[in-house]
Amino acid sequence: MAGDIWRHRDEYPINSCALPPAAGRPHRVADAPRRISGPRFSRYGLIMEIVIVTTIITSLFLVIALAEPLATRLRLPYSAILALLGILIGAGAIFFLQTELTDALNPVAEAILALPIRSNVFLYVFLPTLLFQATLGMNLRRMIDDWVPILVLAVVAVVVATLTVGYALAWASALPLAACLLIGAIVSTTDPSAVVSIFRWIAAPRRLVRIIEGESLLNDAAAIALFGLFMGFVMLGVPDPTLQGAFSRFPMLIAGGVATGWLAARIAVWMMALMPRYERAQISVSVALPYLAYIGAEQSIGASGVIAVVSAGLTLNFLGPGRLAPAFWVNLREVWDLLAHWAGALIFILAALLIPRLLEGVRLGDFLLIAVVVAAAIAARAVILFGLLPVLSALRLSPHVDRPYRTAILWGGLRGAVTLALALAVTESFRVPLEVKRVVGILATGFTLFTLVVQGTTLRWVIGKLGLDRLSPLDQALSNQVIAVALQTVREVVAKTTGNYELGHDIVRSEAKRFAAGLDAAVKTAEESAEILDRDRITLGLIALAGAERDSILARLRERTISSRLADQALSNADRLIEAARSGGRTGYQRAAHVSVDYGRAFRAAVFMHNRLRLSRILARMTADRFEILLSQRLILRDLDSFIDARIRRIHGRRVAELLHDLLARRLEAVTTALEALRLQYPGYAEELERRFIRRTALRLEEREYETMREDGLIGPELYTSLMEEIALRRARAEERPKLDLGVHRAKLVRQFRLFADLDDAALRRLVRALRPRYVNAGDLVMRKDAAARSVFFIASGAVELEAAGQTWRLGRGEMFGQMAILMQRPRRAEVRAIAPSTLLVLDEARFRRLLRRSKTLQNAVRESAEKRGIDPERLTAA
């Protein structure tokens, strides 16, 4: 949001916290707060004023505590309950001030209406907390996979809603277009918490939930940025702004906010890294970060503070896990979850307190305009969900979203505190015409009430009508089988337990009879349920297997044997496996498993920067990450065989279990192959990582042993604290990952090639500088037929398949290809594809010819290769 909107603070006195009077009516007693200065108030009165305000604020926390169980009991959205409670409190305060029944509650009512509820309180105090916590809880790698639907639902949907509501209001009212577009921007923000909580309750696809959460974050940022643009036009008196002029400043708002947030987060991470042993100090830095980023963007450079907070949170989420201790990162998220819970609840209650006063000047014709806003907003969102989203799915830019889920998202687009806060900002400005302030307050409040009261209270009913709260026949059949298997296991354990405790025979027999009746009923239900096809059983088994892999990663994170940053990447891979198995069965699971091992686009970009720009730091870090991920993945996959035998076999049978064992063995083989390729390419580095893993595991076991001794009373608190401090120091040293020097390891790798055995040290050093690495995945085309011959390839790890003249050759580590076309001075006659993830060293034609003239070993290898392919060596030039 543009900074100049909030620079006119002199338009409304900063020490006056009440809502400004509605247009066309004078101040009333209920509008003005009681002043705490002047001859009327004694020191005792000031103290009582503070006591009353403190009592009210702390009582709001009791309201927050009661709202959640009340929402669960009434089966209503939590945000709707908070808003309704806030409305009741605000309406009650006005009633007690105006009634003649009693004056005893007047001080409390006046204090409630005098609470500092201004737009700046929402935008500068509560909103940064909510946005920052949302970014910390995101899985960035999975969000990047779905960036297209998230941006469409957030940015495109906000723009479409703003324009649709704005032009519909301009047609239906006498308001200027700028004011209508301003209202469109205000009501385009959504609060998807209700639909997200319900989707989680009904076990909706995780990818769908993630898209909705990402949309909500960027939705607020885009809507507030647009609000800043149109608010500026209204304040400056521009009645009909052009769209080109309105959106020309939009990129600068976004870019300035992104840069400010990124810089602030980098400084914060640097500060937190300087004090690794002081967790409270690090958390304090994180608390200051979103507010300084917001204020810096808004007040310093006139950029969007909301975008700055989002950028700061995403940057900290990306950099923090790799530079801060895993335990600290977990505690940081827990602190921010609590802060966001309080901020979200308070912003709803305090904003709802304003609703009775915002609606005081409502007229009959305003209800028609509210209906126009409701219809236009729902229509705009429907166009995106039912028009644009299916097109993206057809283009494979977005996952397929079933029509019932799209309908639920449409009806679950509630509005809340952000909408009311933006409307309040308009009513506070003296530069906005009175009629515009009145209409903005009424339309925004009326639309918010419609979404909370009508949509919020009927959302679960709509979910039920759409059938989203019922299990599919396949899930129901599986549920029956799982219950039967679980009860059989329970019966065995209970029988063993009763024998150990030597319980009474009659009691055991009666309870066993009752339990057997329940077990027989469960078995009968399972036998009568729909038959589950083997194909579906395999899919369900793969989903369970990927879920077990995810649980194992989380356990290793808790044991501190894997860093938070790499755990996030491993969890992303596990989530990708679950979603791929759910949507594509065995084929989807295998495809996702290949992706987790293959070289990705980011890795290829790092290779390009290393080869072309001589920037090796990013490639070294990503290669070290790949090493550590593959090591952890191999250990985890080896442990999953026992899960298949202990769990999946009992539910899905021996045939499915054997198939899953086979798929798991293939994954393990692919991971081992990729890991061995890295070992060959960087000899010695894998051993250093394994030693580091052993040290970290030993530290965790030692720490657990001390904890057990402390609980058993064998050591006192002073000794325990001393031991923990010593372990913390040793863990800090063990957490430091050994550096990977690409140049040194490439030199070692080149010396291992038999083809270069007769080169002296100076020639080897020149060759190392000339060779360029190239990383290819299985199935990638390395060399195209009929292409111009400009380079020769040496296989450092992996394998390729060469096809020429109807014949096929397989080449492995230490061999070369591409030299024949260069030496015969003709276009390439062979096509080469990688058959495994491979690392190739590429040498250009000129350097290869010079090397060939000096190396007898290389000349002999070229001749042998030519003879194998039936080519006369005498036809090769420079050989």
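Strands β4 (residues 800–804) and β7 (residues 831–834) run antiparallel and are joined by four bridges. Across this pairing, E801 faces R833 of β7. As with everything described here, these features come from a predicted model. Both strands belong to an open sheet of four strands, in which the order is β2-β7-β4-β5 and the pairing is antiparallel. The edges of this sheet are taken by β2 (781–783) and β5 (807–811); each has a single partner strand, so one side of each is left without a neighbour in the sheet. On average, neighbouring strands of this sheet are turned by 30 degrees against each other, direction ignored.

Another open sheet, also of four strands, has the order β1-β8-β3-β6 with antiparallel pairing. Here β1 (772–776) and β6 (816–817) are the edge strands, each pairing on one side only. Between them in the order stand β8 and β3. Strand β3 covers residues 791–797 and strand β8 residues 838–844, and the two pair in the antiparallel sense over six bridges. Within this pairing, F794 stands opposite L841 in β8. Helix α32 (residues 845–854) packs on the sheet and touches β3, β6 and β8. The direction of α32 makes about 85 degrees with that of β8.

The next topic is aromatic pairs, of which the structure holds four. One of them is formed by Y124 and Y294, whose ring centres lie 5.0 Å apart; their planes are at 75 degrees, and because planes over 60 degrees apart count as edge-to-face, the pair is of that kind.

Last comes a pair of helices. Two packed helices are described by the angle between their axes and the distance between the axes. For helix α6 (residues 147–172) and helix α7 (residues 177–187), the angle is about 140 degrees and the axes are 7 Å apart. Angles over 145 degrees count as roughly antiparallel, and α6 and α7 are therefore oblique to each other. Their crossing, that of α6 and α7, is right-handed. On the α6 side the contact is made by T162, L163, V165, G166, Y167, L169 and A170. These residues meet L177, C180, L181, I183, G184, A185 and V187 in α7.

Note on methods. Residues numbered from 1 in each chain as written. Predicted model: local features only at pLDDT ≥ 70, side-chain atom pairs only at ≥ 80, totals over all residues. Heavy atoms only, no water. Pairing = 2+ DSSP bridges. Contact = heavy atoms within 4.5 Å. Axes fitted to C-alpha atoms, helices over the stretch in contact; angles between N-to-C directions. Phe/Tyr/Trp six-rings, centres within 6.5 Å; stacked < 30°, edge-to-face > 60°. Parallel < 35°, antiparallel > 145°, perpendicular 65-115°, else oblique. Left-handed = near helix turned anticlockwise from the far one by under 90°.
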